[in-house]
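Please read this note with the model open beside you. Take the points in order and find each residue as it is named.

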Amino acid sequence: MCLLATGECSLVLFRPAAAGSSSDMEINKQENEDPLPKRVIQRDTDVTHLHLARRGLTYIPDLSSFSMLRCMWLNNNKIREVSRASFNCCLTELYLQNNDILSISGALRHLTCLQVLLLFNNQMKCLEETMSELKNMQDLHTLSLYLNPFTQDPEYRQYVLHHLPSVRFLDRKGQRGSKGKRCTDGHSDDRENPSVPKSIIQFSIMNWTGTSTSQWNHLDDSSKPASGILTVKLR
């Protein structure tokens with residue numbers, strides 16, 4: 001399958017001809033020259049989701065003509081540079097993880113509607129430059145940057161959250177006070193979850209004053225205190 005493009009009312013699949021045919025050779029030649037063969041997509045304005053993952057791309061084709069594009073998959077390629085002209089400003093989800101991107105400076109700042117951005121496992125080294133590019137994304141709530149060189153900085157996480165207060169999930173970890181279910185590493189905080197039953201500590205104390213001794217008259221001793229067990233439960 002060469003390309004998957006989905007629109008509001010359309011799902012277009014393009015499959016090459018059988019291996020070894022002249023048609024297959026022609027298609028492969030077209031793919032090397034243009035990652036977006038013209039016959040794959042009937043109308044650019046119908047496309048809302050575009051999948052170009054795992055195609056060995058070294059650059060991002062110009063996608064600005066897809067005015068209705070909302071979700072873009074370009075992960076698992078060999079992309080090194082990102083151009084501003086690649087995306088329209090209405091994009092809400094962008095997947096660029098597992099590439100060789102060195103910088104996003106000047107390429108994404110116009111994407112003010114972006115909500116999800118995955119950029120992990122790339123080669124970005126300047127954290128300040130990256131934050132400057134993302135600072136205008138007021139709706140960005142999910143961001144992944146781990147496995148980039150700048151994440152080795154011990155202050156990396158605090159720096160990102162300070163400059164991007166809208167982010168609720170950074171590198172697959174949720175923030176306190178974020179809306180919806182918090183993403184954790186498998187540990188839960190029972191104090192913030194009233195549905196989790198609280199543990200109960202119980203201990204008992206024997207009232208030894210009521211225990212019979214050899215000095216008491218067991219047949220008739222009405223002054224003898226009654227024995228009993230005191231039980232205490234703590235939550």
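1. Start with burial. Buried means under 20% relative accessible area, exposed means over 50%, and partly exposed lies in between (1.4 Å probe, protein chains only). At 7% relative accessibility, Asn 77 therefore counts as buried. This is a predicted model: local features need pLDDT of at least 70, side-chain atom pairs count only at pLDDT 80 or more, and totals for chains, interfaces and linings use all residues. Residues are numbered from 1 along each chain as its sequence is written, and side-chain values use heavy atoms, with hydrogens and water left out.

2. Stay with Asn 77. It sits in the loop between β4 and β5. Helices (H or I, at least four residues) and strands (E, at least two) are DSSP runs, numbered from the N terminus. What does Asn 77 touch, not counting residues up to four places away in sequence? The list is Leu 52, Ala 53, Arg 54, Arg 55, Gly 56, Leu 57, Asn 98 and Asn 99. Contact here means heavy atoms within 4.5 Å. The side chain of Asn 77 also reaches the backbone nitrogen of Leu 57, at 3.0 Å. That is a polar contact: a pair of N or O atoms within 3.5 Å, where within protein one must be able to donate a hydrogen and the other to accept it, and residues adjacent in sequence count only if both atoms are side-chain atoms. Ile 60 is 17 residues from Asn 77 in sequence, and the C-alpha to C-alpha distance is 9.9 Å.

3. Now look at Asn 75. Asn 75 also lies in the loop between β4 and β5. Its relative accessibility is 6%, so Asn 75 counts as buried. Leaving aside neighbours within four places in sequence, Asn 75 is in contact with Ala 53, Arg 54, Tyr 95, Leu 96, Gln 97, Asn 98 and Asn 99.

4. Asn 88 is found in the loop between β4 and β5 too. Asn 88 is buried, at 11% relative accessibility. Its side chain reaches the backbone nitrogen of Cys 90 at 2.8 Å. Beyond four places in sequence, Asn 88 touches Ser 64, Phe 66, Ser 67, Leu 69, Arg 70 and Leu 111.

5. Next, the rings. How many aromatic pairs does a search of the whole structure find? It finds 3. Rings of Phe, Tyr and Trp (its six-membered ring) pair if their centres lie within 6.5 Å; planes under 30 degrees apart count as stacked, over 60 as edge-to-face and the rest as tilted. Trp 73 and Tyr 95 are stacked, at 5.1 Å centre to centre with 5° between the planes. This pair links distant parts of the chain: Trp 73 is in strand β4 (residues 71–73) and Tyr 95 in strand β5 (residues 93–95), 22 residues apart. Tyr 95 is buried, at 13% relative accessibility.

6. Phe 120 and Tyr 146 are stacked as well, at 4.7 Å centre to centre and 5° between the planes. Phe 120 is in the loop between β6 (116–118) and α2 (127–134), while Tyr 146 is in the loop between β7 (142–144) and α3 (156–163), 26 residues apart. Phe 120 counts as buried, at 14% relative accessibility.

7. Check the charges. A salt bridge is a side-chain nitrogen of Lys or Arg within 4 Å of a carboxyl oxygen of Asp or Glu. The count by this rule is 1. Arg 109 pairs with Glu 133, with the closest N and O atoms 2.8 Å apart. Arg 109 lies in the loop between β5 and β6 and Glu 133 in helix α2, so the bridge ties together parts 24 residues apart in sequence.

8. Then the cysteines. A disulfide is a pair of cysteine sulfur atoms within 2.5 Å. The search finds 0 disulfides.

9. Finish with the packing. A nonpolar core is a set of buried Ala, Val, Leu, Ile, Met, Phe, Trp, Tyr and Cys residues joined through side-chain atoms within 4.5 Å. The largest has 38 residues, and Met 72, Phe 87, Leu 94, Leu 108 and Leu 143 have the most contacts inside it. A second, separate core of 5 residues includes Val 116, Leu 118, Phe 120 and Tyr 146.
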